[in-house]
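Hi,

Here is the structure I said I would pass on. Have a look, and then read on for what turned up in it.

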Amino acid sequence: MELPVLVSTPGKAILHGEHAVVYGKAALATSLDLRCFLLLRSSSELVLELPDIRVRKSWDVQELTTIVEDEGSSLEALKRLSGILPGTEHPSAQSLATYAFLYLLFGICKEERWGSLPGFHVTIKSNLPFGAGLGSSAAYSVCLAAGLLCATGAISRPSTSDVKPPHPRPLDPPDIPELLTSQLGGHACPHWSSWGHHDLELINKWGYEAEKLMHGMPSGIDNSISTFGGAIHFKSGIVSPLLRMPRLRILLVNTKVPRSTKKMVEGVRRRHDKFPEVIGPVLDSVEALVERAQKELENIAGGTTSAYSTLEEMFLINQHLLNALGVGHHSLDQVLAIALQHGLAAKLTGGGGGGCAIILLHPDVAGETVIAVKRSFESAGFDWWETQIGTQGVSLHW
């Protein structure tokens, strides 16, 4: 075991297919280069530090091991240690994050037949906004899985810096949070190393286990994107990675309007049941956009720059289809209007009803235009991030 370990995972954005995927249609999801970072250091005790949600927990390693071994159900012991009491229907985000950490730690150590529980100091810091439909919990879960598997020796460190396809050139240095670089003594090495497919499958497996603890029965899209990066085509439980996914510049806009994906899904269901002959063809059209978008993305990866304008037009078409499904919001209409005023195209990403929208920044867009549209969003009270989609999945930086 070689410590420290510094890993990162991307978030997720849905390009096309929101809500239609619930009805067996296809969806297109991609990695979002707002990343979650995990730093794992050696320690005499077990420490979990999550400054984003104000969590700092520490346990004596021997006492923790004894508690879990002495109780009849280790899962119940881990829940109690995480602050989840019997009968709790909606545990806090802090408790769920702690539970996922303890579950993965004990599960991985047991599977790898470690003689005793190790002492670790784990710090996790994310550049992803929480609760915005951008895969923040999956990024956390996969970060935990990769860090713990690497630290316990279940997977080996990649021997050389290796950026996997579909990325034709080295990635930019990761935006490592200052908190973590200070804990490393200011010597963080911003390289990108990637594991082989077998190790990535193991990371994805444990990441999905943590996701199930927090969300019941998730689709597996979010943790797959955080693990493998790039983009995936998802339909009826079948995940197919895009072999050629270009990295694209986007502007991500957070309306800061609280959203409930569950309520949006229920609303679409009511509209579908009331007007099946109308909503059915809308869902078919959304799926057609998914298939066409995949082709256009492959064209861009092959050097066809004219495909950018087609993707922008498809953003606008999809947004209107999503409005027909009833998942729009006046804040999203405002984002779309501001983007159009500057010659750009936007659409919601995720559940809708508020939340986030994405704007494609094609290579020819002027810097002055980007500055102006950012100022317009700030004036409207929205948050924004200029970032990329289609980037590297889980990566080792130290």
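Let me begin with two residues: tryptophan 59 and phenylalanine 101 are both buried. Bear in mind that this is a predicted model.

Those two rings form a stacked aromatic pair, with 6.3 Å from centre to centre and 25° between the planes. Tryptophan 59 sits in strand β4 (residues 55-59) and phenylalanine 101 in helix α3 (residues 93-111), so the pair links parts that are 42 residues apart in sequence.

How many aromatic pairs does a search of the whole structure find? The answer is two. The other partners are phenylalanine 377 and phenylalanine 382, whose pair is tilted: the centres are 6.4 Å apart and the planes make an angle of 45°. Phenylalanine 377 and phenylalanine 382 are both buried too.

Back to α3, which also packs on helix α6 (residues 197-215). The angle there is about 140° and the axes are 9 Å apart. Angles over 145 degrees would count as roughly antiparallel, so α3 is oblique to α6. The crossing of α3 past α6 is right-handed.

If you want to click through the contact, α3 brings Leu96, Tyr99, Ala100, Tyr103, Leu104, Gly107, Ile108 and Glu111. From α6 come Leu202, Lys205, Trp206, Glu209, Ala210, Leu213 and Met214. By type, the residues of this α3 and α6 contact are eleven nonpolar, one polar and three charged. Gly107 of α3 is in that contact, and Gly counts as polar.

Cheers

Note on methods. Residues are numbered from 1 along each chain as its sequence is written. This is a predicted model: local features need pLDDT of at least 70, side-chain atom pairs count only at pLDDT 80 or more; totals for chains, interfaces and linings use all residues. Side-chain values use heavy atoms; hydrogens and water are left out. Rings of Phe, Tyr and Trp (its six-membered ring) pair if their centres lie within 6.5 Å; planes under 30 degrees apart count as stacked, over 60 as edge-to-face and the rest as tilted. Helices (H or I, at least four residues) and strands (E, at least two) are DSSP runs, numbered from the N terminus. Buried means under 20% relative accessible area, exposed over 50%, partly exposed in between (1.4 Å probe, protein chains only). Axes are lines fitted to C-alpha atoms, for helices over the stretch in contact, and angles run from 0 to 180 degrees between N-to-C directions. Angles under 35 degrees count as roughly parallel, over 145 as roughly antiparallel, 65 to 115 as roughly perpendicular and the rest as oblique. A crossing is left-handed if the near helix is turned anticlockwise from the far one by less than a right angle, and right-handed if clockwise. Contact means heavy atoms within 4.5 Å.
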